[in-house]
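Dear colleague,

Please find below the structure that I am handing over to you, followed by an account of what was found in it. I would be grateful if you would read the two side by side.

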Amino acid sequence: MNGTTAHSHRDYTGSKIGMWLFLFTEFFLFFGPILLYSIFRFRYPQAFIDASLALDTGVGVFNTALLLTSSLTMALSITAMQRGKKGTTLVLMGATVLAGAVFLVNKYFEWGAKISHGVYPGGEALEGVKDGGAVFYGLYFFATGLHGIHVLAGMVIITVAALLVHEGRINSNDFVKLENTGLYWHLVDVIWIYLFPIFYLVR
Amino acid sequence: MKKRRIQSLLCAVFLIFSMTQFAYGAQAPGLIERTGEQVPLGAEFRDESGKSVTLGQLLTKPAVLSFAYFGCEDQCNTVLSNLARALGRTKGTPGEDFLVLTVSFDGQDTPEDAAYKKKNYTLASGRQMDEGAWRFLTGGNDSIEALTGAAGFSFRKTEKGFDHPAALAVLSSDGRIIRYIYGNSYLPADIEMALLEASEGRITASIKKAIQLCFSSEPGGRAYLVSVLRAAGVGTLVFAAVFFIYVTASNRPGKKDPR
Amino acid sequence: MAFEGTGEGSYLSAEPGKGWLSSWLLTTDHKRIGVLYLLSIMSFFSVGVVFGFLMRLELISRGPTIMEATTYNSFFTLHGVIMLFLFLIPVVPSVFGNFLLPIMIGARDVAFPRLNLLSWYFYMAGAALAITTLIIGPADTGWTFYAPYSLRTPSSASLAVFAVFVLGFSSILTGINFVTTVHRLRAPGMTWFRLPLFVWATYATAWIQVIATPILGVNLLLVMAERLFGIGVFDPAKGGDPILYQHLFWIYSHPAVYIMVLPAMGAISEIVPVFARKVIFGYKAIAYSSIGIAAVGSLVWGHHMFVSGFSYTAAVYFSLFTFFVAIPSAIKVYNWVGTMYKGSIVMDTPFYYALVFIFLFSIGGLSGLILGALSVNVHLHDTYFVVAHFHYIKFGGAAFGFFAALHYWFPKISGRMYNRKVANYSLLFLFIGFNTLFFPMFVLGYEGMPRRYFDYLPQYADLQHLSIVGSWILVAALFTMIGNLVAAAFRGKTAPSNPWGAMTLEWQVASPPPKENFGEIPEVKRGPYDFREGP
């Protein structure tokens with residue numbers, strides 16, 4: 001890094017603005033499927049309710065709780081960093097990644113169950129379904145899949161941040177990277193908070 | 001080492017993409033192009049007076065072929081009235097230079113329905129047309145299937161009617177499919193150009209456009225969609241404005257900057 | 001390299017401890033990134049020109065002349081994709097925004113220099129993917145990728161769609177970077193209303209990029225998911241609705257028109273006052289109209305779908321919005337002319353280019369109003385009139401604005417001056433060629449010639465031929481114009497730091513600018529067009 005970048009790297013507010021703008025675009029990415037969901041829901045109310053009833057609310061609730069907890073551990077890890085407790089920070093970040101991993105494993109089994117019943121785009125259970133059921137599952141797999149990719153990306157980012165903490169490049173004087181990592185993880189959480197009710201609860 | 005790994009990754013990505021290109025087959029209702037193929041000239045239909053005719057007898061000139069069902073309340077009417085408007089403005093005269101065939105794909109439609117439609121749409125074109133210029137044909141399910149199948153059109157019967165694509169096919173006088181004209185609105189030149197190709201017997205690729213489909217059960221959400229999108233658009237702008245005010249108000253330049 | 005050694009300590013001089021290649025490809029200097037963009041974008045532009053040229057040439061006689069209809073179909077897709085996504089959308093913000101925005105606001109670099117380099121790599125990756133579709137079988141969907149056709153065509157639409165997605169990512173990153181830079185890195189005393197108008201325009205564009213591009217992104221992801229897995233959202237056979245694709249598509253693509261035009265307008269707003277030696281007329285009006293265009297432009301997408309199954313009320317509503325968006329554009333034209341009025345005008349090359357821009361853009365805008373008028377729209381829809389209209393806006397507007405900017409800032413970027421006489425004559429022939437090429441299309445469209453055909457009816461032959469001759473003149477003129485600049489980059493006379501006598505900050509540093517732009521961050525005490533004291 002040359003001197004040029006060093007100036008802007010110390011700009012704490014600048015990094016924050018940039019991160020927020022990025023989250024803004026991420027939010028828009030999910031706005032698309034949510035918009036389509038609301039349009040199709042209006043068009044096929046009954047089919048959407050029926051299809052939604054077939055989803056396992058129990059797994060959904062568990063996953064929601066899991067993500068909320070992980071958001072908490074992430075926030076706590078930032079507080080720990082502010083207080084200079086490097087060890088606690090790393091443990092809390094590890095817990096966050098672990099929660100993300102469990103979330104994905106749950107998702108894997110949830111998807112697997114659906115797929116084994118032929119309920120997936122192009123699957124035999126949805127063949128010829130024109131009343132909106134196929135669209136519901138199309139959107140369900142698209143939105144939760146896209147969210148899953150974000151969870152995975154979040155886990156990778158947290159792991160990288162943890163390495164930086166370990167090396168001391170994120171420390172109690174300069175932890176904006178950790179804060180932005182936290183923001184990203186909260187975004188992943190918030191998106192799930194929207195996806196969960198529209199697919200599992202609103203009936 | 002690292003370079004090679006990136007290379008193989010790129011190769012894999014390309015491979016997946018090129019494989020998936022063919023994974024998606026066409027499904028009903030829709031249109032699969034059968035350019036260059038022959039429509040069944042022996043297929044029998046009834047004209048508006050109920051007289052039995054074969055396609056071969058009718059096709060003495062290049063022809064524009066359109067499909068509709070006469071009980072349709074939505075897109076068929078748009079297709080037919082736009083076709084009528086275009087026919088009113090072509091340089092060549094329908095009946096003299098070319099023919100127009102509108103074939104019903106509903107086996108229940110009667111020659112009376114056809115005669116009624118014919119009267120309306122020839123009137124709508126605003127042009128004097130001979131009796132044989134624009135034919136509205138009805139027929140049995142066998143003939144319908146033979147013709148629509150050969151032309152690549154597919155339909156789906158629903159409780160209320162049919163779901164079907166909106167497009168025209170242009171035939172040469174020997175019954176070969178020259179080209180398709182997609183959509184539900186046509187320029188006179190669209191038709192003339194295809195007919196010119198038809199008279200020269202030159203088969204060409206169609207211009208791919210958004211193919212429009214007609215739903216017997218018109219999805220009610222369109223108006224709702226517009227209002228949802230409008231609300232979403234306004235919401236976005238408000239959000240952006242609030243964010244803008246927030247960053248402008250809270251971060252005066254040079255205030256916190258150590259530079 | 002061409003520019004090397006044209007000034008001690010300039011950004012173009014070799015970087016110690018780095019090879020020549022890595023000093024460019026791994027640079028985080030916004031100026032070098034701007035130059036990288038310039039070179040790559042110009043190469044893709046040339047490719048796009050070749051496709052356009054061949055498409056015109058095909059129409060020299062009726063029937064298949066040099067290519068078949070299928071080839072023609074894929075040519076217009078490629079011409080559209082390359083010109084829009086690889087040239088028009090990125091060109092002014094990425095080249096001049098990158099090079100000038102930090103200097104104009106008195107900063108050493110953009111807020112996120114490494115992100116900036118990353119977005120260039122995304123751009124190149126997207127471009128490479130788009131070019132790959134050329135080799136493995138070009139898409140024939142048109143640049144809009146309308147569903148459901150794009151869902152079924154067995155051509156390389158997936159790859160083309162993915163390419164546009166990657167390009168969108170590049171666009172978003174640039175947008176985030178510019179918004180943050182303008183908010184955080186303005187020099188002391190550089191208040192909002194002392195910002196040069198080019199900065200305002202780039203800033204407004206950056207907002208559109210941030211707001212609108214993700215919608216395009218998710219729409220393209222949906223098309224890909226549809227192609228790969230068949231999720232059914234746009235597929236009527238599964239209960240989906242292809243019209244929704246068009247809606248989501250135009251939510252992005254209408255504002256994208258302003259992504260193309262706004263920064264070009266910003267460049268014109270810089271050039272006009274400098275050569276009129278006068279404070280720009282209605283600074284705030286222009287600044288606000290930039291934001292206004294960004295805002296209203298986001299709401300007018302519907303007018304592209306007049307005949308695609310909209311209700312009548314919605315059509316009227318969007319027709320009205322089309323007229324609204326004309327207002328901020330008209331404000332700008334009015335202000336430019338107002339600036340020239342009673343100014344002590346110095347006629348020089350960039351100013352000529354700016355005048356041509358204003359003229360062509362006005363024609364484009366007015367023909368857009370004709371199209372926007374509902375009743376006429378139905379007749380002209382899908383004819384050559386539409387083709388002519390958007391070429392006047394996009395080529396006559398955005399691309400000529402870029403050429404103007406290029407001739408205005410070339411001495412700053414390269415440190416050398418081009419041959420102005422050659423540049424002026426190139427412009428003359430560009431102007432003649434452009435109008436000979438595209439004006440007949442208005443008439444052809446009015447007479448009912450439908451667009452996208454590789455063939456035409458005999459009655460259109462004369463105007464088609466005139467238009468083809470125009471394409472030859474245009475291509476020849478482009479060739480001389482670019483050749484002149486390339487020659488100047490290698491052998492041009494050394495340019496002074498402020499050849500045009502401008503007041504904005506970029507002209508107060510050496511040509512080419514030093515590595516970190518400013519030895520010391522300047523303190524700004526006056527507006528950008530305050531010519532009273534002289535530079």
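Helices (H or I, at least four residues) and strands (E, at least two) are DSSP runs, numbered from the N terminus. This is a predicted model, in which local features need pLDDT of at least 70 and side-chain atom pairs count only at pLDDT 80 or more, while totals for chains, interfaces and linings use all residues. Residues are numbered from 1 along each chain as its sequence is written, and chains are lettered from A and ligands numbered from 1 in the order in which they are written.

Confidence

The predictor assigns the complex an ipTM of 0.87 and a pTM of 0.86.

Chains A and B

Chain A has seven helices and zero strands. Its C-alpha atoms fill a box of roughly 60 × 30 × 25 Å, taken along the principal axes. Of the 203 residues in chain A, 42% are buried. A residue is buried if 20 or more other C-beta atoms lie within 10 Å of its own, exposed if 12 or fewer, and partly exposed in between, with C-beta atoms placed from the backbone. Among contacts in chain A between residues at least 6 apart in sequence, 74% join residues at least 24 apart.

Chain B comes to seven helices and eleven strands, and 42% of its 259 residues count as buried.

Helix H3 of chain A

Which residues are buried in helix H3 (residues 45-53) of chain A? They are A:Ala47, A:Phe48 and A:Ala51. These residues are on the same side of H3(A) because they cover an arc of only 100 degrees around the axis, the arc being that of the directions from the helix axis to the C-beta atoms. An α-helix has 3.6 residues a turn, so residues three or four places apart point the same way. The buried residues of H3(A) pack against H2 and H6 of chain A, whereas the face turned away from the buried side carries the exposed residues A:Pro45, A:Gln46 and A:Leu53.

A hairpin in chain B

Strand S9 (residues 162-171) of chain B and S10(B) run antiparallel and are joined by five bridges; two strands pair if DSSP finds at least two bridges between them. The hairpin has five residues between the strands, and B:Gly175 takes a positive phi near 90 degrees in it. Strand S10 (residues 177-182) is mostly covered, with five of its six residues buried.

Beyond four places in sequence, C:Ile268 touches residues including C:Trp336, C:Phe357 and C:Ala404.

C:Ala256 lies in helix H8 (residues 242-276) of chain C. Why does C:Ala256 count as buried? The reason is that C:Ala256 has 24 C-beta neighbours inside 10 Å. Leaving aside residues up to four places away in sequence, C:Ala256 touches C:Ile89 and C:Ala212.

C:Tyr37 is found in helix H2 (residues 30-58) of chain C and counts as buried because 24 C-beta neighbours lie inside 10 Å. Although C:Tyr37 and C:Val95 are 58 residues apart along the chain, their C-alpha atoms are separated by 5.6 Å. Among the residues that C:Tyr37 touches, not counting those up to four places away in sequence, are C:Pro90, C:Val95 and C:Trp120.

The contact between chains A and C

Chain A places 32 residues in contact with 33 residues of chain C. On the side of chain A that touches chain C, H2(A) gives the largest share, 14 residues.

Yours sincerely

Technical notes
Contact = placed C-beta atoms within 7 Å.
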